[in-house]
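Please open the structure in your viewer and keep the selection tool at hand.

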Amino acid sequence: MILLRSILTPITIPLSLVYGCIIYLRNLFYDLGWFTTEDFKLPIISVGNITTGGSGKTPLVMYLANLLIKNGKNPGIVSRGYGRKSKGLVVVHDGKKMKAKVESAGDEPFLMATILKSVPVIVCEDRREAIRHLVNSSTVNIIIMDDGFQHRKVKRDLDIITISANDTKNDYRLLPWGKLREPIKNINRSNALVFTKTDNFTPPNMLAEFQSVFKGNSIVSSIIPVLMRYDSSGYHKSLPSSEVFFAFCGIGEPDSFFKSIKQLDLKLGGKRIFSDHQEYTESVITELSAQIKSSNCAAIITTEKDLVKLSESFLNEFETFVIKIEMEFEIEGAVLDMIQPVLLK
């Protein structure tokens with residue numbers, strides 16, 4: 001991968017400059033008011049990032065939804081539904097039951113709807129249309145906009161950016177040279193930074209870079225991996241296992257998954273890394289199943305995001321485990337303090 005990046009550098013650098021110019025002009029037009037932003041007159045919290053993939057947005061969105069419910073709010077979630085096979089507005093969950101399959105919902109919105117159970121989830125390329133649908137069809141009184149930092153068509157009351165502690169300095173170059181979706185200085189549009197995936201709340205190596213351009217509120221978090229065992233009724237917390245596992249995932253930051261496996265002291269007999277938002281077609285499953293069997297592993301382990309896309313017939317072939325990710329914050333109550341002004345609206 002490093003060699004490939006080096007070979008492609010003469011191409012990616014000029015493309016990155018062109019991309020940067022487009023992003024600059026787009027943001028300038030919003031700042032000047034030439035592009036309009038819609039105000040929905042109800043509180044909106046945006047959770048986004050400035051890099052591609054793997055920054056921990058989904059766990060934070062679910063954490064916020066549960067926190068809002070505990071504080072007497074009726075949240076709804078809107079998302080683009082990246083990687084889905086549908087277009088336009090799709091109701092993933094109406095607050096009472098699932099209304100869409102993972103293929104048309106997208107893996108992350110489907111996962112959120114499955115776990116939260118009573119929170120309406122809507123996907124649409126235009127988040128304004130999704131918000132209008134929630135306002136008109138439910139009792140939602142606060143919106144969480146997933147992956148909303150670049151979606152400036154919607155006025156938000158709180159803009160949160162998630163930043164993975166696993167990012168390196170080379171990641172902080174504009175696409176396609178690096179992983180930046182827009183220049184790092186643009187984090188000043190946000191109200192708060194949440195550093196994710198830290199080791200025991202140790203600030204990330206890139207902390208100084210962010211502190212030089214952002215003077216707002218920041219929160220440090222770590223992820224707690226929990227081993228779960230899957231069966232026909234769902235998945236349930238499991239005791240440490242002596243099984244030899246075949247591990248696979250298709251997420252934005254696969255290293256974090258394998259780090260969790262190491263934290264849980266699990267033994268691996270084989271592994272497979274797919275691209276983010278991997279579609280588990282029949283041919284992919286057939287090949288994966290053969291690879292698992294050839295490794296002589298009777299048990300498999302994957303992520304929640306991957307699990308929701310796997311067929312029952314495949315899962316029934318093996319003992320199936322999943323790593324559930326829970327967020328833990330360095331300062332208890334920090335997130336509640338951060339959203340308190342929004343709760344009062």
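Begin by selecting Cys124, which counts as buried because its relative accessible area is 2%, under the 20% limit for that class. This value, like those that follow, is computed from a predicted model. Next, search for disulfides: the whole structure contains 0. Cys297 is in no disulfide, and the nearest cysteine sulfur, that of Cys249, is 15 Å away. Cys297 has a relative accessibility of 6% and is therefore buried.

**The nonpolar cores**

Which residues of the largest nonpolar core touch the most other members? Select Ile45, Leu64 and Ile339, which hold that place among the 39 residues of the core. Now colour helix H2, residues 57-70, which gives the most to this core, with 7 residues. Centre the view on Leu64: leaving out residues up to four places away in sequence, Leu64 touches Ile45, Val47, Ile144, Ile160, Val335 and Ile339. Apart from this core lies another, of 19 residues, including Tyr230, Val284, Leu310 and Leu315.

**Helix H7 and its cover**

Proceed to helix H7, residues 254-263, and select its buried residues Pro254, Ser256, Phe257, Phe258, Ser260 and Ile261. As a general point, residues three or four places apart in an α-helix point the same way, because the helix has 3.6 residues a turn. What covers the buried residues of H7? Display strands E8 (217-231), E10 (244-249), E11 (267-273), E12 (299-303) and E13 (319-329), which are included in that cover. Just after H7, select Asp265, where phi is positive, at about 60°.

**Helix H8**

Move on to helix H8, residues 282-294, and select Ser289 within it. Is Ser289 buried or exposed? Its relative accessibility is 7%, so Ser289 counts as buried. Show its contacts as well: beyond residues up to four places away in sequence, Ser289 touches Phe314, Glu317 and Phe318.

**The second largest pocket**

A probe the size of a water molecule, rolled over the atoms, shows where empty space is left. The second largest pocket holds about 520 Å³ of space. To find this pocket, select Val102, Glu103, Val308, Lys309 and Leu310, the closest to its centre of the 25 residues in the lining. Then colour helix H3 (102-105), helix H4 (107-116), strand E9 (234-237) and helix H10 (312-315), each of which supplies at least two lining residues. H4 has the largest share of the lining, with 4 residues. Colouring the lining by class gives 11 nonpolar, 7 polar and 7 charged residues.

**Two loops**

Select Lys99 in the loop between strand E3 (90-93) and H3. Lys99 has a relative accessible area of 47% and is therefore partly exposed. Apart from neighbours within four places in sequence, Lys99 is in contact with Val91, Val92, His93 and Asp94. Draw a distance from the C-alpha atom of Lys99 to that of Val121: the two residues are 22 apart along the chain, and the separation is 9.6 Å.

Finish at Pro203, in the loop between strand E7 (192-196) and helix H6 (207-211). Pro203 counts as partly exposed because its relative accessibility is 43%.

How values were computed:
Residues are numbered from 1 along each chain as its sequence is written. This is a predicted model: local features need pLDDT of at least 70, side-chain atom pairs count only at pLDDT 80 or more; totals for chains, interfaces and linings use all residues. Side-chain values use heavy atoms; hydrogens and water are left out. Buried means under 20% relative accessible area, exposed over 50%, partly exposed in between (1.4 Å probe, protein chains only). Contact means heavy atoms within 4.5 Å. A disulfide is a pair of cysteine sulfur atoms within 2.5 Å. On a 1 Å grid over the protein atoms alone, a cavity is a set of points where a 1.4 Å probe fits but cannot get out, and a pocket is an open set with protein on both sides within 12 Å along at least five of seven lines; lining residues have an atom within 4 Å of a point. Grid points are joined across faces, edges and corners, and a volume is the space filled by probe spheres set on the points. Ala, Val, Leu, Ile, Met, Phe, Trp, Tyr, Cys and Pro count as nonpolar, Asp, Glu, Lys and Arg as charged, and the others, Gly among them, as polar. A nonpolar core is a set of buried Ala, Val, Leu, Ile, Met, Phe, Trp, Tyr and Cys residues joined through side-chain atoms within 4.5 Å.
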